[in-house]
Amino acid sequence: MRAIILFGFLFLMSCSQDYLPKPKGFNRIILPEQEYQVLSDTFPYQFEYSKNAQILKDNSWISERYWIDIYYPEMDANIQITYKAINGSEKRAAEFFNDSYQLTAKHNVKAYAIDENILELPNGDFASVVALEGEVPTQFQFHVSDSTQHFMRGALYFKMATQNDSLAPVIDYLKRDIIHMLTTLRWNDPL
């Protein structure tokens, strides 16, 4: 009987503390130092990309010869690079620019902000960089061309279903890598 009374007393005493919920928190993300290496010259373009990334051939069903993925295994992120030769055709150049703008515009449904900036690159070309905010599949896109021979487009994707605000430090890190890639871009002779 004493055991039951003691157990009941302990049970009542243990339930008397106020419950305090834990505050919301985010995972701590430790990002590697940004170091770069030069892409091989077997492409019609060359740039510096992160030493924390791997160059993979684009294996999608629509991929073309010089399309690559810059894959970040630690972040499960991917920068898809597509390349098209303009070959001096103003019509082809206009088509590629139009396609790029249309692909970005498809995100209007879920994006609550689309911010486009034009960067003048050291090689004399201009790049359009677009930051998208909201629950969109790609948070950063760009296209760049020399207007006569080369056109390149890129988009950042994550292979995980995490809220983009949780990924903000990683997105900023990868944006810096993309800007570095663009500022070190140079075109090789057509192959």
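Helices, here runs of at least four residues, and strands, runs of at least two, are taken from DSSP and numbered from the N terminus. With that in hand, I read the pattern along the sequence of this predicted model as α-β-β-β-β-β-β-α-β-β-β-β-α-β, and I noted that the secondary structure comes to three helices and 11 strands.

**Entry: the largest pocket.** Rolling a probe the size of a water molecule over the atoms shows where empty space is left. I recorded a volume of about 480 Å³ for the largest pocket, and among the 20 residues of its lining I listed Ile62, Trp67, Thr82, Leu103 and Arg153 as the closest to its centre. Which elements each supply at least two residues of this lining? I found strand S6 (77-85), helix H2 (90-105) and strand S10 (150-158). Sorted by class, the lining of the largest pocket has seven nonpolar, seven polar and six charged residues.

**Entry: the cavity.** I found one cavity of 30 Å³ or more in the structure, and for the largest cavity I wrote down a volume of about 40 Å³. The lining of this cavity is made up of Tyr36, Glu48, Tyr49, Ser50, Ile70, Tyr72, Ile79, Asp177, Ile178 and Met181, which I classed as seven nonpolar, one polar and two charged residues. Strand S3 (48-50), strand S5 (68-72) and helix H3 (168-183) each supply at least two residues of the cavity lining.

**Entry: Leu121.** I placed Leu121 in the loop between strand S7 (111-120) and strand S8 (126-134). Is Leu121 buried or exposed? Its relative accessible area is 4%, and the cut-off for buried is under 20%, so I count Leu121 as buried. Setting aside the neighbours within four places in sequence, I found Leu121 in contact with Ala127, Val144, Leu182 and Thr183. I also checked Leu121 against Ile179, which is 58 residues away along the chain, and noted a separation of 9.7 Å between their C-alpha atoms.

Note on methods: Residues are numbered from 1 along each chain as its sequence is written. This is a predicted model: local features need pLDDT of at least 70, side-chain atom pairs count only at pLDDT 80 or more; totals for chains, interfaces and linings use all residues. Side-chain values use heavy atoms; hydrogens and water are left out. On a 1 Å grid over the protein atoms alone, a cavity is a set of points where a 1.4 Å probe fits but cannot get out, and a pocket is an open set with protein on both sides within 12 Å along at least five of seven lines; lining residues have an atom within 4 Å of a point. Grid points are joined across faces, edges and corners, and a volume is the space filled by probe spheres set on the points. Ala, Val, Leu, Ile, Met, Phe, Trp, Tyr, Cys and Pro count as nonpolar, Asp, Glu, Lys and Arg as charged, and the others, Gly among them, as polar. Buried means under 20% relative accessible area, exposed over 50%, partly exposed in between (1.4 Å probe, protein chains only). Contact means heavy atoms within 4.5 Å.
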